Amino acid sequence: MNPDASFNPQEPKARAAVCRKFAEICLDNDLRHFSQWFPGKENDVSDALSRDDDRSDEELTSLLYSHVPSQMPSHFKIVPLPNEILSWLTALLQSLTVKKQLRERHKRTKIGRSPD
């Protein structure tokens, strides 16, 4: 059996901890959260946010508003995580083993890039 494909019993616990923390933050700050699903190849915002780390937050935000305005809420803004949350997440992630899949570098999106 491939060790990267084996079940890690810590993963469900970590996911539940993240869900609880997110709910706590939403309740403490009177936030309302909603998600919107887009089919894989049309999920441009999610792809760009997770893959285009070579761009500044301002550049990425501007490109997303100009290339996929239908997926962008009017109040969208990229902000750094507060240190308290960043520290909590880092500690949680360090308790998990890294899967081979997560070590692979994702391709950057084509949004706003010249064609090859």
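Reply: Gladly! Accessible areas here come from the Shrake-Rupley method with a 1.4 Å probe. On that basis the protein exposes about 9700 Å², and carbon and sulfur atoms supply 55% of it. Keep in mind that this is a predicted model.

Me: What does the secondary structure of the protein come to?

Reply: Five helices and zero strands. Read along the sequence, the pattern is α-α-α-α-α.

Me: Why is Thr109 called buried?

Reply: Its relative accessible area is 10%, and buried means under 20%. Since 10% falls under that cut-off, Thr109 is therefore buried. Thr109 lies in the segment after α5 (100-103). Across the protein, buried residues make up 20% of the 116 residues.

Me: What makes the link between Thr109 and Asp52 a polar contact?

Reply: The side chains of Thr109 and Asp52 are joined at 2.4 Å, and a polar contact needs a pair of N or O atoms within 3.5 Å.

Me: How far apart are Thr109 and Asp47, in sequence and in space?

Reply: They are 62 residues apart in sequence and 6.8 Å apart in space, C-alpha to C-alpha. In the protein, residues 24 or more positions apart account for 68% of the contacts with a separation of 6 or more.

Me: How do you know that Asp47 has no salt bridge?

Reply: The nearest side chain of opposite charge, Arg51, is 4.1 Å away. A salt bridge requires a side-chain nitrogen of Lys or Arg within 4 Å of a carboxyl oxygen of Asp or Glu. At 4.1 Å, Arg51 is not within 4 Å, so no salt bridge is counted for Asp47. Asp47 is found in helix α2 and is buried. Beyond residues up to four places away in sequence, Asp47 touches Gly40, Asp52 and Thr109.

Me: What makes up the largest nonpolar core?

Reply: Eight residues: Val45, Ala48, Leu60, Leu63, Leu64, Val68, Met72 and Ile111. Helices α2 (44-51) and α3 (57-67) each supply at least two residues of this core, and α3 gives the largest share, three residues. The name applies because a nonpolar core is a set of buried residues of kinds including Ala, Val, Leu, Ile and Met, joined through side-chain atoms within 4.5 Å. Not counting residues up to four places away in sequence, Leu60 touches Ala48, Leu49, Asp52, Arg55 and Ile78.

Note on methods. Residues are numbered from 1 along each chain as its sequence is written. This is a predicted model: local features need pLDDT of at least 70, side-chain atom pairs count only at pLDDT 80 or more; totals for chains, interfaces and linings use all residues. Side-chain values use heavy atoms; hydrogens and water are left out. Buried means under 20% relative accessible area, exposed over 50%, partly exposed in between (1.4 Å probe, protein chains only). Helices (H or I, at least four residues) and strands (E, at least two) are DSSP runs, numbered from the N terminus. Contact means heavy atoms within 4.5 Å. Lys and Arg count as positive and Asp and Glu as negative; His and the chain ends are not counted. A polar contact is a pair of N or O atoms within 3.5 Å; within protein, one must be able to donate a hydrogen and the other to accept it, and residues adjacent in sequence count only if both atoms are side-chain atoms.
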